[in-house]
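Let's take a friendly walk through this structure, heading by heading. Here it is.

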Amino acid sequence: MRSAPADALSTRIADRADAVRSRIAAACARAGRSPDAVTLVAVTKTFPLPVVEAAVAAGLRDFGENRVQELAAKAEALPGEHAGGGVRWHLIGHLQRNKAKEALRHADAFHALDSLRLAETLERRAAQAGRVLPCLVQVNVSGEGTKEGVDPEEAHALLGVVASFAHLRIDGLMTMAAPAATEAELETVVRPQFRQLRRLAETAPGGALPVVSMGMSGDYEVAVEEGATHVRLGSALFGPRS
């Protein structure tokens, strides 16, 4: 039997998720898109396992983690799809090559492929594990030195090389836009960056890529208007991190 606090937390998360989905639906309507085309990834980094369990009870199924160690701890308790579980774990943070084997054990998808060397390591580890890892190439559309990702001008070249890897499936692109302090900056700074990522996905060598992962709690509506298929939200669902 679930405790009253756990039920209350699940209800609170469900209410927030409903509010987010309503805003996604409105953004889709403005862009002439179907809300069914947008996957909500709940970013649970730093939140403890009971919060994830409450989110599952609230109907969420896709979860994002930044660090392999935290992903592993949570996925041991709540296995992902590739391990026969009922949730889907997205590893969305920068991955060191020496942690590739552990990432392959637990991640259902990897959103932050940012170099050929990492791709080669993941390909080797995925072959050893006997699986194909769905990946997104991370692109640094903002040009910020603090962000990971390949330069936009280099994205297609990397895609062209890793397309031949047998154990990596390149589904699309991921980015994080520059932070916006005002509504005006959402339009003048963030929107063009999201539009650039979508165009890179549409013009990828070998054909348009289906997945465009962009948009977080402060800018996801603009991302959806610009073609995001996956939005990654933490505070909008769970409140501020302590």
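## Cysteines

Cys28 is buried, its relative accessible area being 0%; buried means under 20% relative accessible area, exposed means over 50%, and partly exposed lies in between (1.4 Å probe, protein chains only). Cys135 counts as buried too, at 1% relative accessibility. The structure holds zero disulfides, a disulfide being a pair of cysteine sulfur atoms within 2.5 Å.

A word on the model itself: it is predicted, so local features need pLDDT of at least 70 and side-chain atom pairs count only at pLDDT 80 or more, while totals for chains, interfaces and linings use all residues. Residues are numbered from 1 along each chain as its sequence is written, and side-chain values use heavy atoms, with hydrogens and water left out.

## Helix α5

Helix α5 covers residues 116-129; helices (H or I, at least four residues) and strands (E, at least two) are DSSP runs, numbered from the N terminus. The expected span is 1.5 Å times one less than the number of residues. After α5 comes Gly130, which has a positive phi near 70°.

Which residues of α5 are buried? They are Leu118, Ala119, Thr121, Leu122, Glu123 and Ala126. The elements covering these buried residues include α4 (100-106), β4 (109-113), β5 (133-138), α6 (152-162) and β6 (168-174), where contact means heavy atoms within 4.5 Å.

Side chains of opposite charge can pair when their charged atoms come close. A search of the whole structure finds 16 salt bridges, each a side-chain nitrogen of Lys or Arg within 4 Å of a carboxyl oxygen of Asp or Glu.

One of them joins Glu221 and Arg23, at 2.6 Å from N to O. This pair links distant parts of the chain, with Glu221 in helix α8 (residues 220-225) and Arg23 in helix α1 (residues 4-31), 198 residues apart. Glu221 is partly exposed at 21% relative accessibility, and Arg23 is partly exposed at 44%. Arg30 and Glu225 form another salt bridge, their closest N and O atoms 2.6 Å apart. Arg30 lies in α1 and Glu225 in α8, so this pair ties together parts 195 residues apart in sequence.

## A linked network

Arg191 and Glu226 also meet in a salt bridge, 2.9 Å from N to O. Arg191 sits in helix α7 (residues 183-202) and Glu226 in the loop between α8 and β8 (230-233), 35 residues apart. Arg191 is buried at 13% relative accessible area, and Glu226 is buried at 5%.

Salt bridges link Arg30, Glu187, Arg191, Arg195, Arg198, Glu202, Glu225 and Glu226 in a network.
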